[in-house]
Amino acid sequence: RIREIFLLQEQRVRLYDIFERAHDTYLQTAPEFSGFPAYRQTVHEITQEFNRISQAVLALETELHDEERQELAQLVRLLQDEEKSKLQLTAELHLSKQIAVEHGRSWSEDDTVTRITASIRDVKAKINEHLEDIRYEAEDIILGE
């Protein structure tokens, strides 16, 4: 189960890479934003994949609870909550970048983009901390605490 959590996280990382590349490509079609249909399709596909991953993680959390692995289940819940925040922030970031571009500003110098980017960096740090905690908790279980 622990290995599956890490595999699901790797899938999330790959999805974010696809999401970011699709958005960057979309922004390059400004000011007409002719790339919107392709971006919309990518968002649809990625949303489905994120949902599938979230459901799998929640199922693992339930299994851990059922097996009386409360600490590990709680860590998985915290991880899932941070991933939800990261996805929401990423959507906000994409919108803020688009707004900056629409107004003829460089999104790399936009205060809102900078703030959201910093928030995403903080969430990523928390995600990594939770993953490390999960790894340590799993090692304790394997070694018989």
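Analyst: Let's start with charges: Lys and Arg count as positive and Asp and Glu as negative, while His and the chain ends are not counted. Each charge is placed at NZ of Lys, CZ of Arg, CG of Asp or CD of Glu. On that basis the protein chain carries 18 positive and 30 negative charges, and their mean positions are 4 Å apart.

A word on what you're looking at. This is a predicted model, where local features need pLDDT of at least 70 and side-chain atom pairs count only at pLDDT 80 or more, while totals for chains, interfaces and linings use all residues. Residues are numbered from 1 along each chain as its sequence is written, and side-chain values use heavy atoms, with hydrogens and water left out.

The C-alpha trace spans about 60 × 30 × 15 Å along its principal axes. Of the 145 residues in the chain, 37% are buried (under 20% relative accessible area; over 50% is exposed and in between is partly exposed, with a 1.4 Å probe and protein chains only). The accessible surface comes to about 8,800 Å², and carbon and sulfur atoms own 50% of that (Shrake-Rupley method, 1.4 Å probe; for residues, only the protein chains shown count as cover). As for contacts, meaning heavy atoms within 4.5 Å, take those with a separation of 6 or more: 75% of them join residues 24 or more positions apart.

Now the rings. A search of the whole structure turns up five aromatic pairs. Rings of Phe, Tyr and Trp (its six-membered ring) pair if their centres lie within 6.5 Å; planes under 30 degrees apart are stacked, over 60 edge-to-face, and the rest tilted. Phenylalanine 19 and tyrosine 39 have ring centres 6.5 Å apart and planes at 10°, so this pair is stacked. The two partners come from distant parts of the chain, 20 residues apart: phenylalanine 19 is in helix α1 (residues 2-27) and tyrosine 39 is in helix α2 (residues 36-66). Both of these residues are buried.

That pair belongs to a group: Phe19, Tyr26, Phe33, Phe36 and Tyr39 form one aromatic cluster. Tyrosine 26 is worth a stop. It sits in helix α1 and counts as buried because its relative accessible area is 4%. Setting aside residues up to four places away in sequence, tyrosine 26 touches cluster members Phe33, Phe36 and Tyr39, plus Gly35 and Gln98.

Phenylalanine 33, another cluster member, lies in the loop between α1 and α2. It is buried too, because its relative accessibility is 13%. Its backbone is worth a glance: phi is near 55°, a positive value in a residue other than glycine. Proline 31 is in the loop between α1 and α2 as well, and a cis peptide bond with omega of about 5° joins alanine 30 to proline 31. For background, most residues other than glycine have a negative phi, and most peptide bonds are trans.

The loop between α2 and α3 (70-102) has its own case in glutamate 68. Phi there is positive at about 65°, although glutamate 68 is not a glycine. Glutamate 68 is exposed, because its relative accessible area is 62%.

Back to rings, this time with charges over them, meaning NZ of Lys or CZ of Arg within 6 Å of the ring centre and within 35 degrees of the ring normal. Lysine 86 lies over the face of tyrosine 16, 3.8 Å from the ring centre. Lysine 97 does likewise over tryptophan 107, at 4.0 Å.

One last stop is histidine 130, in helix α4 (residues 111-142). With 12% relative accessibility, histidine 130 is buried. Beyond its neighbours within four places in sequence, histidine 130 contacts Leu75, Leu78, Leu79 and Glu82.

Notes: Helices (H or I, at least four residues) and strands (E, at least two) are DSSP runs, numbered from the N terminus.
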